[in-house]
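Notebook open, viewer running. I want to see how this chain is put together and who touches whom.

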Amino acid sequence: MKKFLETAGFLVFVQGLAGLLYEWTGWFRLWAVVARLDVLDGFGLHVSIVLVVTGGAVMIASDSVKG
């Protein structure tokens, strides 16, 4: 379970970073899920920040899980 949480947190963190890079530079559209979802038009920056924070929190919280 610990490895799963670490991996999931890392993937969420990377998606947030890719979304931020896309918002700031226009690159990484293929990597950023946030950039490809039409529902999130206009909220890409905010959603990317939330993903970065959430991914970091999940990776930190995975240390408290046993096994």
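Entry 1: I started with H1 and looked up its buried residues, which are Gly9, Gly16, Ala18, Gly19 and Leu20. For my own reference, buried is under 20% relative accessible area, exposed is over 50%, and partly exposed is in between, with a 1.4 Å probe and protein chains only. Those buried residues of H1 pack against H3. Helices here are DSSP runs of H or I with at least four residues, strands are runs of E with at least two, and both are numbered from the N terminus.

A note on provenance: this is a predicted model, where local features need pLDDT of at least 70, side-chain atom pairs count only at pLDDT 80 or more, and totals for chains, interfaces and linings use all residues. Residues are numbered from 1 along each chain as its sequence is written, and side-chain values use heavy atoms, with hydrogens and water left out.

I also checked the length of H1. Its 24 residues reach 34 Å from first C-alpha to last, close to the 34 Å expected at 1.5 Å a residue. The expected span is 1.5 Å times one less than the number of residues. Just after H1, Gly26 takes a positive phi of about 85 degrees.

**Entry 2: the whole chain.** I stepped back and counted three helices and zero strands, in the order α-α-α from the N terminus. The C-alpha atoms fill a box of roughly 40 × 20 × 20 Å along the principal axes. Of the 67 residues, 21% are buried.

For contacts (heavy atoms within 4.5 Å), I looked at those with a separation of 6 or more, and 58% of them join residues 24 or more positions apart. The accessible surface comes to about 4,800 Å², and 73% of it belongs to carbon and sulfur atoms. Those areas are Shrake-Rupley values with a 1.4 Å probe, and for residues only the protein chains shown count as cover.

Charges next: I found 5 positive and 5 negative side chains, with the centres of the two sets 12 Å apart. Lys and Arg count as positive, Asp and Glu as negative, and His and the chain ends are not counted. Each charge is placed at NZ of Lys, CZ of Arg, CG of Asp or CD of Glu.

**Entry 3: H3.** Which residues of H3 are buried? I get Gly44, Ser48, Val52, Gly55 and Gly56. Seen down the axis of H3, these fall within an arc of 105 degrees, so they line one face of the helix. The arc is that of the directions from the helix axis to the C-beta atoms. The background is simple: an α-helix has 3.6 residues a turn, so residues three or four places apart point the same way.

The face of H3 turned away from its buried side carries the exposed residues His46, Val53 and Ile60. The buried residues of H3 pack against helix H1 (2–25) and helix H2 (33–36). Length check: the 18 residues of H3 should span 26 Å, and the end C-alpha atoms are 25 Å apart, which agrees.

**Entry 4: single residues.** I clicked on Ser48, which lies in H3 (residues 44–61). Ser48 has a relative accessible area of 0%, so it counts as buried. Leaving out residues up to four places away in sequence, Ser48 touches Gly16, Gly19, Leu20 and Val34.

Gly19 is buried at 2% relative accessibility and, beyond four places in sequence, is in contact with Ala32 and Ser48. Leu20 is buried at 9%; with the same exclusion of residues up to four places away, Leu20 touches Leu45, Ser48, Ile49 and Val52. Leu20 and Gly44 are 24 residues apart in sequence and 7.9 Å apart in space, C-alpha to C-alpha.

Is Leu21 buried or partly exposed? I read 34% relative accessible area for Leu21, so it is partly exposed. Outside four places in sequence, Leu21 touches Gly26, Trp27 and Phe28.

Last stop was Met59 in H3, partly exposed at 27%. Not counting residues up to four places away, Met59 touches Glu6, Gly9, Phe10 and Phe13.
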